[in-house]
Structures are given as C-alpha cells and as structure tokens.
Amino acid sequence: MGGSDPLAILPPTTWTTGSTEVFKTGTWRAQLPQYVNPPSPCHQACPVNGEIARWIGLAHQRDFRGAWEVLTINNPFPAVAGRICHHPCESACNRGAYDESVSICKLERAVGDMALAEGWAYPMPAVERAGHVAIIGGGPSGLSAAFQLRRRGWRVTIYEPQPELGGLMRYGIPSYRLSRPVLDGEIARIVALGVQVKRERIATLAEFERVRAAHDAVYVAIGAGRPKRLPQLPASAPWLIDGAEYLARANAGSPPDLGRRVVVIGGGSAALDAARSARRAGHDVTILSLERADQMPAQREEVKEALEEGITLVDGAMLNAVRPADGSGIVISCQKVTFEPGPVRGQFKVTPVEGAEFTLAAHAIIPSIGQDPDLAALAAQVPAERGLLVADRRQATGADKVWAGGDVASMARFVTEAVGMGKRAALDIDRALRGAPASQAAAEAPVGLDAIALHHHPKTARVAQRVRPPVERLAGGLEVQLGLELEQALAEAGRCFSCGTCTNCDNCFVYCPDLAIRRLDGGGYEVLTDYCKGCGMCVKECPTGSISMHEEIR
C-alpha cells in the first residue's frame, strides 16, 4: 500500500464533522417531487379565467397596484365585476370545503375601487399594428374585446347606437347595485387606450356588409334586446311594460307611473332589479316566480335584500290570465306549480298543482322573463341556431372575418360571461390577424383540496358583507352593498390557499430531512436529485399544492 492511509478513501462516518454530500441518498428513491403550477379551481370556474390566486397573493402583500395589473390582464372591469358578478369562482373555491370560501368578489371590488381612487391607467400599446377591427356593440363583451385588442396594438372602432357605452351595465343594472361613477371610470380607461367610438346602429344586412368590408375583422356583440313575451299578456295593454324598458327608464331617472301595486314576473337578476327599482319608485311590489326561492336564477343576496326592502315573493307559481278588476286595476289569476330545471340552460318543465289557484290584485305588470337577440341584420350571413349566432370556443363564427359573443351568441346571461367571451374573441382575432396557428392546449386538472396541507391553515370565517339598512337604501340611489375596509381586505386575502401558486413559504426547504431542497436566487426552489430520497415530506407540508410526486423510471 506504499504507506498510504487506507481510511482516507472511505466515506466519512455518520458522526463526522465533515460534509455529508458524499452520501448520494438519491439512489434510494422510486419517486421524485416536482414543483408544479396547476390551475386553481377558482381560475377554471372564472368566466374570464382570471389569475385569482396570483392577484390575491399580491393584495395580501399590500401590492395593490400589482394586484390590479394582474387582475386586469383578463378583466378590465374589476370594480364592476366586484359588485355584480355571479362569482362561480367562490363556489369552486377549495376553502369552501374546509370552512368558508374566500370572498373573491369583495376582494376584486376592493382592488378595483382602489385603482379608481388612485387614478391608475393602462399603458398605451407598445406597438401600433395596421389591422383594423370593428366591434358592433358597446356593452360588456364589446368593451372587453376592444380592451384586449387595443392592448395588442390593433386599431379598434366600436359601433354603438346608444348615447353612452356600457350596454346592459348602464341601461339594465340599477345604480344602487352599480354606481355610475364606477362604471364610467372603468369604461373611460378602455376608451383612453385609443378606442374609436361611432354612434351608429348597424341594423340592416347592407350596413353589416359595409362594416365587414371596411375592416379586417368584426366582433358582433349586440346583446339581446328583444323581450320575450307571455301569450297571456296582451302586448298593447296600458298596464303592461317590459322589464328592460322599465329599467332603462328608471335608470335614466324617469320611471313611469304604474299605480300603487305592481307585479313583476320572473326569477332572475333582471326581475329582481325591476322589482327593487319599482319599490324605490314608491310602489308596493310582488314578484311572481315560476321557480321556488331556492331555484331562482337571481343571486341569493339579491333575493334576501329584496325581501328586506318590503317586496313580497310568490314563488313556485305561474300566471294564467289577467282580467279587469271591479273599479280600478287588474286581477291576475295564478296557480302554484312544480318547477323542474332541464338538462340544458333555459329548458325546464312546469307542472301545475291541482286545486292551488289564487289571485293577485295589481295596477301594472312588469314581465321580466328574458330577452332574445335581434338577428335580422345578420342571419343571412352569419350561421344561427335556436335564435343565437353560432360561435365556437374561440367565439369564431362560420362567416369570414366574423366573431360573435355575449348574449347574441350564448344563453350564459351574466356580465362576466360576456366579458370572458369578448376576451376570447379578441385573443383569436389577434391570432388570426398575425397569421399564427390556433393553440391546441388541453385543459389541466385543477388543484384539489387533498393537495393542500390544511394543518398550515387555521379555520376562519369569511368576511361579512356590509349593507346599508333598508330604510337608508330606499331613501336614495346609494349602493346597497358596501366595500371592504383595508384591514378587512388584507385579512380576507390572507385566507386564500393560493392553490397551485408557490408563495416561497420555505416549508419544503425547512421540512426536508435530507437537505435536498435548494432556494433559487430569483425565487422558488429546486430539488437536489443526488440527495432526495423521495420521501414526499415536502409534498405533505406544502400549503398551496405546488409540489407533487412523480414516479421516476431509471
């Protein structure tokens, strides 16, 4: 051995004070942890596919400007959506199966309101492109598309016949739910990007063809403006006014005089808006709804607030006939029913309950049972089916250079659904004008509750909704629901699991028994494969579901 020390070539013993890096324990494993960024359930449920966990995380760090910038990547109406969205994200929230879902909508409003108060604006496009896109309709879907297209540098012209932009948000939603300065502020930011607006109605096929010929792409977002009719109600009756017309007049500050007792027919948000607006105009209001209270399409808080304001709800019932009353007014013959929703949105089965007839006394009826789009100017050139323009998942139609979205192409009659369709159309128009291929990416499975290390999240209650008392609500046009205070918003943001989004909490680094996790200089971590035994401790201790185990085949 030439006098050399044979122990020098042996690895150190377990009690050595030297480095243990020579122990390549990674050869023992069958599985390897990987850092992943799967979608959160709220992201997949969100109509605009917002990066909810990301912007809430920034808000929790008090970076509200950063939160707003992330939020508005997908939705230019955070303050609007925070007031009126039907928030399917909250139903999908993993925290809802643990204690209570995160109040995402209220947080969105808090961020949106701060942006308006601070005067934050969008940067002008970094590049100006030659292509010109026409958007027919200046409602939520058309404005969303205009926003996305201008941010990508395309020229955009909106064709809108109404004196002001906003569509349903302005003419269909009362100011007690959506403050007009809030709506005006978020629309003005979009127009300030360089959107051209022409006060012009595209009402004939010739006008539509003229617009299509003059532009590189057309997005049709004309909404649904033709009211559905009930055959039991004579169209010319003096005591009858459609819900959309009533709301437009009430929102303009001139509600018609309808007499003391008013019956609103319908169970959706528009019916609730009409009923509550009539109540503010001084009427005694009854809502007649086919659906039971727990089946009504309107949001639960809308129904609760309406009842608090003195509105009577007659649910699970239908109108049979109307006749003049002795003296003044009318008598409405009604019948209790069982309501069964169908497999397709808008389809249902109604079965009258024998022997359950009754009457209601009224001076006027406001039917608010939905609206259909007017396709007279489009049906000859754009494929339509069942009263809607046919559009694929990218909002493209079968007509050359034409995309469509919002209520004209969908029965998903929610503002944020329309915003999401406008975004999807804009992204596909951008792709088509650049000549890029369509993406074929498949949807990824969201993070499940079982992936979250719940022992790192104490159970807490969600923030309570603050509302004005009924007397104060009815006295003026003030918003019913109040926003969050700063500390409330911070606390609620802290409840978010940040599903699928690494928060650099160091749990994987701290809990790894083999020191096999290394921090990266730019944030995040990496697994040292020479030393990881695949024990899965990092996965068990991850509070966000951002690490998963994968079989390693060697």
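A residue is called buried under 20% relative accessible area, exposed over 50%, and partly exposed in between (1.4 Å probe, protein chains only). The model described here is predicted, so local features need pLDDT of at least 70 and side-chain atom pairs count only at pLDDT 80 or more, while totals for chains, interfaces and linings use all residues. Residues are numbered from 1 along each chain as its sequence is written, and side-chain values use heavy atoms, with hydrogens and water left out.

To begin with the overall picture, the C-alpha trace of the chain spans about 125 × 55 × 45 Å along its principal axes. Of the 554 residues, 49% count as buried. The chain holds 18 helices and 22 strands; these are DSSP runs (helices H or I, at least four residues; strands E, at least two), numbered from the N terminus.

Next comes the interior. In soluble globular proteins, nonpolar side chains tend to be buried together. A nonpolar core is here a set of buried Ala, Val, Leu, Ile, Met, Phe, Trp, Tyr and Cys residues joined through side-chain atoms within 4.5 Å. The largest such core has 64 residues, and Trp 55, Ile 56, Ile 135 and Tyr 219 have the most contacts inside it. Helix 14 (residues 415–434) gives the most to this core, contributing six residues. A second, separate core of 21 residues includes Leu 272, Ala 275, Ile 287 and Val 303.

Strands are said to pair if DSSP finds at least two bridges between them. Strand 2 pairs with strand 3 (residues 155–159) in the parallel sense over five bridges, with His 132 opposite Arg 155. Strand 2 also runs parallel to strand 5 (residues 217–220), joined by four bridges; there, Ala 134 has Val 218 as its bridge partner.

The structure holds 38 salt bridges, each defined as a side-chain nitrogen of Lys or Arg within 4 Å of a carboxyl oxygen of Asp or Glu. Glu 69 forms one with Arg 65, the closest N and O atoms being 3.1 Å apart. These two residues are separated by about one helical turn because they are four residues apart in helix 3 (residues 64–71).

The side chains of Glu 90 and Arg 462 meet at 3.1 Å, N to O. Glu 90 lies in helix 5 (residues 88–92) and Arg 462 in the loop between helix 14 and strand 18 (466–467), 372 residues apart. Glu 90 is buried because its relative accessible area is 8%, whereas Arg 462, at 22%, counts as partly exposed. The side chains of Glu 479 and Arg 109 likewise meet in a salt bridge, at 3.3 Å, N to O. Glu 479 lies in the loop between helix 15 (470–475) and strand 19 (481–482) and Arg 109 in helix 6 (residues 104–118), so the pair ties together parts that are 370 residues apart in sequence. Glu 479 counts as buried at 12% relative accessibility, and Arg 109 counts as buried at 9%.
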